[in-house]
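Welcome! Let us take a friendly walk through a protein model, one element at a time, with the sequence and the 3D view at hand.

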Amino acid sequence: MTEFKHIMLDLETMGNRSNSVIVSIAAVPFDLESGEISNNHFYERVDFQSCLDVGLKVQASTILWWMEQNEEARKEICKPAETIQLVLMKLDAFLSNYKNFEIWGNGARFDMGLLQDAYHACGFNKLPWKFRNERDVRTLVSLAPHIKEQTKNVGVAHHPTHDCLNQIQYCHKTYEKIFANNHR
């Protein structure tokens with residue numbers, strides 16, 4: 001059985017600034033070298049009002065952006081959801097199954113930064129990952145951008161689990177290309 005040392009994280013939000021409302025969270029363990037993906041995924045929708053209640057914010061431009069997205073993605077964020085506090089506790093429990101993992105997000109401080117804001121707003125004192133183990137998808141992709149461009153996405157755009165699976169796919173391919181080029 002593979003011991004997964006990498007976890008891809010993706011959020012859907014109502015803003016792209018610090019302290020934005022989070023409407024869904026996904027985390028998918030994987031192996032960067034082999035591209036193997038765990039069958040054990042985390043996915044939860046987050047109650048919009050519970051985020052507002054702890055002081056997280058909405059950006060009108062992001063609501064307008066959501067109105068332009070596909071119907072399936074829009075409907076997904078409107079389904080019944082758990083409070084932000086409960087979802088963060090569930091994410092803690094999920095991540096506690098993995099030791100010394102590297103956590104990946106799309107942007108140097110977007111996914112993990114917004115989650116850190118949410119943990120703080122909810123009164124949690126500790127993050128469920130080590131800050132030194134944060135990894136950035138966009139930085140890796142920038143080393144060989146053609147790989148992402150040539151990778152066919154699967155699933156629904158802006159569904160965090162599907163976004164995780166797509167990001168894992170092109171991160172693995174990029175890693176593989178870089179590794180192969182460095183060991184010729």
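**Starting from strand 1**

Three bridges tie strand 1 to strand 4 (residues 102–105), and these two strands run parallel. One place to look is Met8, whose bridge partner in strand 4 is Trp104. Please keep in mind that this is a predicted model.

Strand 1 also has a partner in strand 2 (residues 22–30), and here the pairing is antiparallel, over eight bridges. In this pairing, His6 stands opposite Phe30 of strand 2.

Is strand 1 enclosed by the rest of the structure or open to the outside? Strand 1 covers residues 6–13, and eight of its eight residues are buried, so the rest of the structure largely encloses it. In a regular strand, side chains alternate between the two faces of the sheet. In strand 1, His6, Met8, Asp10 and Glu12 point one way, while Ile7, Leu9, Leu11 and Thr13 point the other way, and all are buried.

Now step into the loop between strand 1 and strand 2, where you will find Met14. Met14 counts as buried because its relative accessibility is 6%, and the cut-off for buried is under 20%. Leaving out residues up to four places away in sequence, Met14 touches Val21, Val23, Phe48, Lys57, Val58, Gln59, Thr62, Ile63, Trp66 and Ile77. For a sense of scale, Met14 and Lys173 are 159 residues apart in sequence and 30 Å apart in space, C-alpha to C-alpha.

Phe48 is found in helix 1 and is partly exposed, with a relative accessible area of 31%. Together with Leu52, Val58, Ile63, Leu64 and Met67, Phe48 forms a nonpolar patch on the surface, with about 490 Å² of accessible area in total. Helix 1 (48–53) and helix 2 (60–67) are the elements that give two or more residues to this patch. Which helix gives the most to the nonpolar patch? That is helix 2, with three residues.

Next, turn to helix 5, which spans residues 111–121. Eight of the 11 residues of helix 5 are buried, so this helix too is largely enclosed by the rest of the structure. The buried residues are Asp111, Met112, Gly113, Leu114, Leu115, Asp117, Ala118 and Tyr119. They pack against strand 1, strand 2, helix 4 (84–95), strand 4 and strand 5 (134–136). After helix 5 comes Gly123, which has a positive phi, near 85°.

Asp117 is buried but has no salt bridge. How far away is the nearest side chain of opposite charge? That side chain belongs to Arg109, and it is 6.3 Å away from Asp117, whereas a salt bridge calls for a distance within 4 Å. Apart from residues up to four places away in sequence, Asp117 touches Ser18, Asn19 and Leu56.

Our last stop is His159, in the loop between helix 7 (145–150) and helix 8 (160–182). Is His159 buried or exposed? Its relative accessibility is 13%, so His159 counts as buried. Setting aside neighbours within four places in sequence, His159 is in contact with Glu12, Tyr43 and Glu76.

How values were computed. Residues numbered from 1 in each chain as written. Predicted model: local features only at pLDDT ≥ 70, side-chain atom pairs only at ≥ 80, totals over all residues. Heavy atoms only, no water. Helix = DSSP H or I, 4+ residues; strand = E, 2+ residues; numbered from the N terminus. Buried < 20%, exposed > 50% of the residue type's maximum accessible area, 1.4 Å probe, protein only. Lys, Arg positive; Asp, Glu negative; His and termini not counted. Contact = heavy atoms within 4.5 Å. Patch = residues over 30% accessible without salt bridge, like charges linked within 9 Å, V, L, I, M, F, W, Y side chains within 5 Å. Areas by Shrake-Rupley, 256 points an atom, 1.4 Å probe, with all protein chains shown as cover. Pairing = 2+ DSSP bridges.
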